[in-house]
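Q: Hi! Could you walk me through a few spots in this structure?

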Amino acid sequence: MPRVLFFSPLIYPRFCASSRPIVRMSAIESKTFSISSESMAIKPPSHPTYDLNGVIKLALAEDAGDRGDVTCMATIPFDVEVEAHFLAKEDGVVAGIALAEMVFHEVDPSLKVEWSQKDGDYVRKGLQFGKVYGRAHSIVVAERVVLNFMQRMSGIATLTKAMADAACPAYILETRKTAPGLRLVDKWAVLIGGGRNHRMGLFDMVMIKDNHISAAGGIKNAIRSVDEYLEKRNLQMEVEVETRTLEEVKEVLHYASETKTSLTRIMLDNMVVPILSGDVDVSMLKEAVELINGRFETEASGNVTIETVHKIGQTGVTYISSGALTHSVKALDISLKIDTDLALQVGRRTKRA
């Protein structure tokens, strides 16, 4: 039986006094919220400066503007209390439940929430999987921001789950191709869907890509410069280099055989070749994996789709990265309705519930 989830007080960063709200991003303050263990089945990834609470406040502020919800104030008596239900209008993996609780609490700490599902569960079209009750005004004010987060996160989690299952035994990764300002939220959704996180940003992993290689004067020069940089500063972190040809793979392996290196992973970029039949040729990718022979982690990138990911995963690569998980996400259709009987009636009429 679903349980009522009560909240402890949250501490959020203050908006700076100016002509428009500015959120200060603080890693310390982002750790002060308290969410029930039932709803936070999968914790968000860590980030040294990202303030999830600040992102929520910004989302609410852009909706409220300088007047607040004028429609609510005009139509709903301040003290009216209601119960609203979350309704899945598509099959998929639900994500953003823990984040929804944070939004509701920011709007009105007196709101109470119950869930019959948790982040990462599969929901069927027509399922009522949660409810919130309390002041109607507060629920309606929070509604769109809650759903915007949940629909996007659920869409990412749903696609990630499908890709991760198909990619096995390789692991599926997202990329930095996330919505600006929603990096942590998008990457959290990937974790909820069963994927793994690539680097969070520019700060937590060295990733030598094509432009770095070109500017450094070649792939060996680029890796050597990274080795010297990390050693000089006594830094230890993962190092990945992008290769685009088998010749570059051999060059990296030759360098690593002669020099102590910090390199941990080799990206095999666009070695999945589309063919006229609509299939893909993975022979180049497989040859590269065999050349590396377990000396480094490997990551396939390019031409990764739900149709091709299984074949790519069978080549022996460690990871498969896909920007589509976050840059081309299709939101999962979820609604929050006070009158669920009417909502279901309309949904059946439109084939959406």
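Here is a short chat about a lysine, a helix and the cysteines.

A: Happy to! Keep in mind that this is a predicted model.

Q: Great. Where does Lys112 sit?

A: Lys112 belongs to strand S4, which covers residues 112-115.

Q: And which side chain of opposite charge is nearest to Lys112?

A: That would be Asp108, but Asp108 is 7.5 Å away. Lys112 has no salt bridge, even though Lys112 is buried.

Q: What does the side chain of Lys112 reach, then?

A: The side chain of Lys112 reaches the backbone oxygen of Ser110, at 2.8 Å.

Q: Which ones are they?

A: The buried residues of H5 are Leu184, Val185, Asp186, Lys187, Trp188, Ala189, Val190 and Ile192.

Q: What covers the buried residues of H5?

A: Several helices take part, including H1 (52-64), H3 (97-107), H4 (136-167) and H11 (324-327).

Q: What happens just after H5?

A: Gly194 follows there, with a positive phi of about 100°.

Q: New topic: how many disulfides are there in the whole structure?

A: A search of the whole structure turns up 0 disulfides.

Q: And Cys72, is that one buried or exposed?

A: Cys72 counts as buried because its relative accessibility is 3%, and the cut-off for buried is under 20%.

Q: How about Cys168?

A: Cys168 has a relative accessible area of 48%, so Cys168 is partly exposed.

Terms used
Residues are numbered from 1 along each chain as its sequence is written. This is a predicted model: local features need pLDDT of at least 70, side-chain atom pairs count only at pLDDT 80 or more; totals for chains, interfaces and linings use all residues. Side-chain values use heavy atoms; hydrogens and water are left out. Helices (H or I, at least four residues) and strands (E, at least two) are DSSP runs, numbered from the N terminus. Buried means under 20% relative accessible area, exposed over 50%, partly exposed in between (1.4 Å probe, protein chains only). Lys and Arg count as positive and Asp and Glu as negative; His and the chain ends are not counted. A salt bridge is a side-chain nitrogen of Lys or Arg within 4 Å of a carboxyl oxygen of Asp or Glu. A polar contact is a pair of N or O atoms within 3.5 Å; within protein, one must be able to donate a hydrogen and the other to accept it, and residues adjacent in sequence count only if both atoms are side-chain atoms. Contact means heavy atoms within 4.5 Å. A disulfide is a pair of cysteine sulfur atoms within 2.5 Å.
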